[in-house]
Amino acid sequence: AAFRQKLAADFELNAVHALKTRNATDTTEKFLFQLRDHSLIETVLIPATPGLTTQSDRHTVCVSTQVGCAYACKFCASGLDGIKRNLTAAEIVDQVLQVQKQSGERVSNIVVMGMGEPLANYDNLLRALRILNAPWALGIGARKITVSTVGLVPRIKQLADEPLQLRLAVSLHGATDEVRERIMPVNKKYPLKELLAACDYYVNTKHRMMTFEYILIDGVNDMLDQAQKLGGIARRLRAKVNLIPYNPVEGLPWKRPERDRCKMFAHTLKTHGVTATLRTEKGTDINAACGQLRLQHERLSTQESN
């Protein structure tokens, strides 16, 4: 009995429980997981897009690192109700294990781009990624793991000094302080000059290409002058740009630009010699953007209890 108590105190088995799943027509699959304290998080299984990769067996899992988010990006559902807590390393790891179990697919890639700000839960995140990378666990190569951040400058530098060869993706979403501050409050604490200096440090330390994530929002950051400035930034850092047409969130005013406008933005980046991909929208029919399914479930539960 004493040994069982010690195990229960020190270890977590089955840290997440699948409460609900949604399958999109494009085979993207979204999981709503419940934790032991009844908090809810989301995880998404994203299959390879035919024609964009030769790895037809590639299956990427997008994991969450926090319940909610404290950074309140204006376009994101994850932070609408603030933050509740960090996830433990066990809860981060178990998302991947449960997705493999539920889907029957072997996970080959991980993107830490789900609910929460990964670098704000740094210690638990790194512990989880070391486990997922370990040959005695899932053996997922560090170069197949991408960590996203809204731009926590000190943590980016810390990540650069880690021995794991993790990939870095910075959620930029604006090529000037004016545009970025409109939609990302974190820019007031870490303005572009400081953020880009940290990116310089990461690239020069790791000697690896980084990525800028850029959600295109109609009339906010999809202007060609933003594309010109972004092109200059990405070319200097030799960074790839991943353009993501906005996934509409119920209750938020933002809209997705027309497809031709998105293509023009991508073309402008390419004229600067920048590698830019315009993401094919995935999971729109299952509300795949971060936090949407959790938010809907919580609000529905509140209405039913009232």
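Is Asp 37 buried, partly exposed or exposed? Asp 37 is partly exposed, with a relative accessible area of 40%. Here buried means under 20% relative accessible area, exposed over 50%, and partly exposed in between (1.4 Å probe, protein chains only).

## Basis

This is a predicted model: local features need pLDDT of at least 70, side-chain atom pairs count only at pLDDT 80 or more, and totals for chains, interfaces and linings use all residues. Residues are numbered from 1 along each chain as its sequence is written, and side-chain values use heavy atoms, with hydrogens and water left out.

## Overall build

The protein chain has 10 helices and 12 strands. These are DSSP runs numbered from the N terminus: helices are H or I with at least four residues, strands E with at least two. Of the 306 residues, 53% are buried.

Residues 24 or more positions apart make 68% of the contacts with a separation of 6 or more. A contact means heavy atoms within 4.5 Å.

## Two helices side by side

Helix α7 (residues 192-206) and helix α8 (residues 224-237) have axes that come within 10 Å and cross at roughly 30°. That makes α7 roughly parallel to α8. Angles under 35 degrees count as roughly parallel. Axes are lines fitted to C-alpha atoms, for helices over the stretch in contact, and angles run from 0 to 180 degrees between N-to-C directions.

From α7, the contact uses Leu 196, Cys 199, Asp 200 and Val 203. From α8 come Ile 233, Arg 236 and Leu 237.

## Salt bridges

The structure holds eight salt bridges. Each is a side-chain nitrogen of Lys or Arg within 4 Å of a carboxyl oxygen of Asp or Glu. Arg 85 and Asp 37 form one of them (2.7 Å, N to O). Arg 85 sits in strand β6 (residues 83-86) and Asp 37 in the loop between β2 (29-35) and β3 (40-47), 48 residues apart. Arg 85 is partly exposed, at 23% relative accessibility. Asp 37, Arg 85 and Glu 91 are linked in a salt-bridge network.

Arg 279 and Glu 213 also pair (3.6 Å, N to O). Arg 279 lies in the loop between β12 (276-278) and α10 (292-305), and Glu 213 in strand β10 (residues 211-216), so the pair ties together parts 66 residues apart in sequence. Glu 213 is buried at 7% relative accessibility, whereas Arg 279 is partly exposed at 35%.

Conventions
Parallel < 35°, antiparallel > 145°, perpendicular 65-115°, else oblique.
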